[in-house]
Each structure stands twice: as structure tokens, then as C-alpha cells.
Amino acid sequence: MADRFRIDGHKLMYHLPRVAAWLEGKTVYPISMEVSPSGSCNHRCLFCAVDYLEYQPRFLDAAVLKERLTELAGLGLKSVMFAGEGEPLLNREIAGIVAHTRAVGVEAALVSNAVLLRDDRARALLPNLTWVKVSCNAGSPETYAAVHRTRPEDFERVMANLAAAVRIRREGGLACTIGIQLLLLPENAHEVAALAALAREIGLDYLVVKPYSHFDRSRTTRYRDIRYEDFRGLAAEVKAFATESFDVVFREETMRLWDAAERTYDRCLALPFYSYIDAGGTVWGCKEYLGDERFAFGNINEQSFREIWDGPRRAAVTRFVAGELDVRGCRTNCRLDKMNRWLWDISHPADHANFI
């Protein structure tokens, strides 16, 4: 099957009025956001990009977040991915937060390790989610424990929770897409096919195999020099598990871009379309720079989102990014990379662009 959800691409072309307003120099509000309900995490994965934040036991205030989500819906927000620097399911109010998100007309998604996605949680969450993506970076309990730095029995718990979620979806006639994602590392490359077989057997919708992408502030440096040309032979083996109902997205192009470390743009242009709220309520311009006050816009516990977005701090960050930030120092394959490539192209047209 093709990459039907455009996981290895971007989707800005589906929001052309917002892009056109941006091209005209107008203020635009985010199309999509990542929100971190929890700063704490129940795993300590080897590849964790935000380990330097130290997994703080802080949680977004549900009442404040719901108020801001209502406001954001009025500003044109289309979707929220609940993920962030911790495990979202550690926030006890997550089901109510997701339900409110859906109720105000904003699509909701969840990225989780799914250890805590028990039946009761799944029944409360799935009716209000567009998709769930589970981070599972091994095909056996032993490798899972080593990579996630947890107990081997967590692997079996995740598989059981996913099987239950698929059953709950089927019995309820729900539309929620349920997928699984593996970050390809030397420690788990030999088990990608095993995970694909398990995911298909359980009845998941897809498996994504993606490359590592290094955050400069991360304490984890063991994968900084990983080369994916050594693993591309896995693509055909893993894609062989795809069926009409089970997609395998082996992100070869993103792996190539990691190896090449090439950029086609000189400035980050995509920040107006996407934003991040951390577990303490701070709104950031870029997830890679969490903790770097140069990229902090304000805090939802202190101001409305409109006040933050239209305020002087964001204006200062925008000027800094437009005039000073050297994207060659940014991480390769950041979440905004594909959007930046497209936005640079349409805002810097090639010669003879009118000869279509």
C-alpha cells in the first residue's frame, strides 16, 4: 500500500487559504499543535531526544488547557497531537482533555508507549481520537526492555493493550486509526520484520519505520553518527508484510536526507503553522529548542493563546528566526523539514515559473 496518511511527507497543500494568507504577510494561527499533557515518563528510552528536560513530574492543568483549546478552535486550529516530552497517559485527565478537544471541533491524536492503554482508557479515548500511534522499538521483550530501558513484561502488556484497542474499535464501529512506530537503531534492526508480523497479526493499520533525528541539547549522543545506508536493505523485507488493510511506511526518503544532511532552504518558514505547548504550559516556536528561552512565546497559565501568539515575545522570536537563526545548526529531519522545503520553493519560485 502507499503512504496513505502522508506520514513521510507534509500536508500543508491541504490548507492553501492559510498558506496564501502567510504569503501575503498576514498573521496566521497554527493549523496543528503538539501538546504535552505530562512531563513525566514511565520509560527511559535510549534514543530519547528530550532527556535533558529530566522527565519532570509536571502536568498541564486540564481546566486551563480546555479553555485554551476552545479558544484555539475559534482561531482555526485543526488538530492536536497529544505527545510531548513525557508519556501523555500519565496525565489522569487525558480522556477528558481529548473529549473536550473533539467537542470543540478540533481533531485529536495520541502518541504513547501504550503501557497504560488499558481497556478502560482505550474505551474512553478511542471514540474521540482520529489516530493513535504507539512507540514500540523492538520485536521481542528482551530487546524492548533494553531499548526502552524498562521491564520485558511491558512489551507483552503493550501487545495485549493494542489487541484490546483493535477489538474495542471493531465492536464500537469506531473510526480511530491505530498504528505502531519503530525508530530504527542498530539494537533493533534485526527485529523490524518480527514487529511487522506482530502488528499485522494484531490488526493494526500500519507500521512506520523511521530514522533517528538528533536534538542538539540531548544528552544522548550514541546515535549522532548513525548511517541509514546500512539499513536500507530492510525496506523490501518489511514492506513484504503490507496488505490491503495493513500499511508499512519505511521512511527511506527521510533516511536518505539524514545521511545526506542536506537542506534546500536557508530559513525556517514553517513556524507559523505549527506550535508546541509543554507540560508546564509554555508555548514554544520549535520543539527542538525546548528550554531555550529564545524560542518561548509565553505561558497559557498566564495569558490567552491569542495574547501569546500576537504578543511581543513571539514577534521577537519571529524576527530572530527570520534574520539570525542558521538552520544548518538545526537538527536534520525535524518535524517541519518537509514543510520548509515546500514553503521555500513556493516563496522562492524558479526562473520561468509562469510557464506551467
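Colleague: Before we start, what pLDDT do local features need?
Modeller: Residues are numbered from 1 along each chain as its sequence is written, and side-chain values use heavy atoms, with hydrogens and water left out. This is a predicted model in which totals for chains, interfaces and linings use all residues, side-chain atom pairs count only at pLDDT 80 or more, and local features need pLDDT of at least 70.

Colleague: What volume does the second largest pocket have?
Modeller: On a 1 Å grid over the protein atoms alone, a pocket is an open set of points where a 1.4 Å probe fits, with protein on both sides within 12 Å along at least five of seven lines; a set the probe cannot get out of is a cavity instead. Points are joined across faces, edges and corners, and the volume is the space filled by probe spheres set on them. For the second largest pocket that comes to about 450 Å³.

Colleague: Which helix gives the largest share of the lining of that second largest pocket?
Modeller: Lining residues have an atom within 4 Å of a point, and of the 18 here, the closest to the centre are Trp-22, Leu-269, Pro-272, Arg-314 and Thr-318. The lining divides into eleven nonpolar, four polar and three charged residues, where Ala, Val, Leu, Ile, Met, Phe, Trp, Tyr, Cys and Pro count as nonpolar, Asp, Glu, Lys and Arg as charged, and the others, Gly among them, as polar. Helices are DSSP runs of H or I with at least four residues, strands are E runs of at least two, and both are numbered from the N terminus. Five lining residues, the largest share, come from residues 312–323, helix H11.

Colleague: Is Arg-18 buried or exposed?
Modeller: Arg-18 sits in helix H1 (residues 16–23) and touches Val-28, Tyr-29, Pro-30, Ile-31, Leu-75, Gly-76, Lys-78 and Phe-273, leaving aside residues up to four places away in sequence; contact means heavy atoms within 4.5 Å. The cut-offs are under 20% relative accessible area for buried, over 50% for exposed and partly exposed in between, with a 1.4 Å probe and protein chains only. At 16%, Arg-18 is therefore buried.

Colleague: Which side chain makes a polar contact with the side chain of Thr-282?
Modeller: Thr-282 belongs to strand S9 (residues 282–284) and is buried, at 17% relative accessible area. A polar contact is a pair of N or O atoms within 3.5 Å; within protein, one must be able to donate a hydrogen and the other to accept it, and residues adjacent in sequence count only if both atoms are side-chain atoms. Among the residues that Thr-282 touches are Tyr-276, Ile-277 and Ala-296. The side-chain partner, at 3.3 Å, is Asn-299.

Colleague: How many disulfides does the structure hold?
Modeller: A disulfide needs a pair of cysteine sulfur atoms within 2.5 Å. The sulfur of Cys-286 is 6.1 Å from the closest cysteine sulfur, in Cys-334, so it is too far for a bond. For Cys-136, which is buried at 0%, the closest cysteine sulfur is in Cys-45, 10 Å away and also too far for a bond. The number of disulfides is zero.

Colleague: How many of the eight residues of helix H5 are buried?
Modeller: In H5 the buried ones are Pro-141, Thr-143, Tyr-144, Ala-145, Val-147 and His-148, and they pack against strand S4 (131–135) and H6. Just after H5, Arg-149 takes a positive phi of about 50°. H5 (residues 141–148) is largely enclosed by the rest of the structure because its buried count is six.

Colleague: Which residue just after H7 takes a positive phi?
Modeller: H7 (residues 192–202) has the buried residues Val-192, Ala-193, Leu-195, Ala-196, Ala-199 and Ile-202. Their cover includes helix H6 (153–172), strand S5 (177–183), strand S6 (206–210) and helix H8 (234–239). With a phi of about 105°, the residue is Gly-203.

Colleague: What is the phi of His-352, a residue other than glycine?
Modeller: Most residues other than glycine have a negative phi. His-352 is in the segment after helix H12 (337–347) and is exposed, with a relative accessible area of 65%. Its phi is positive, near 65°.
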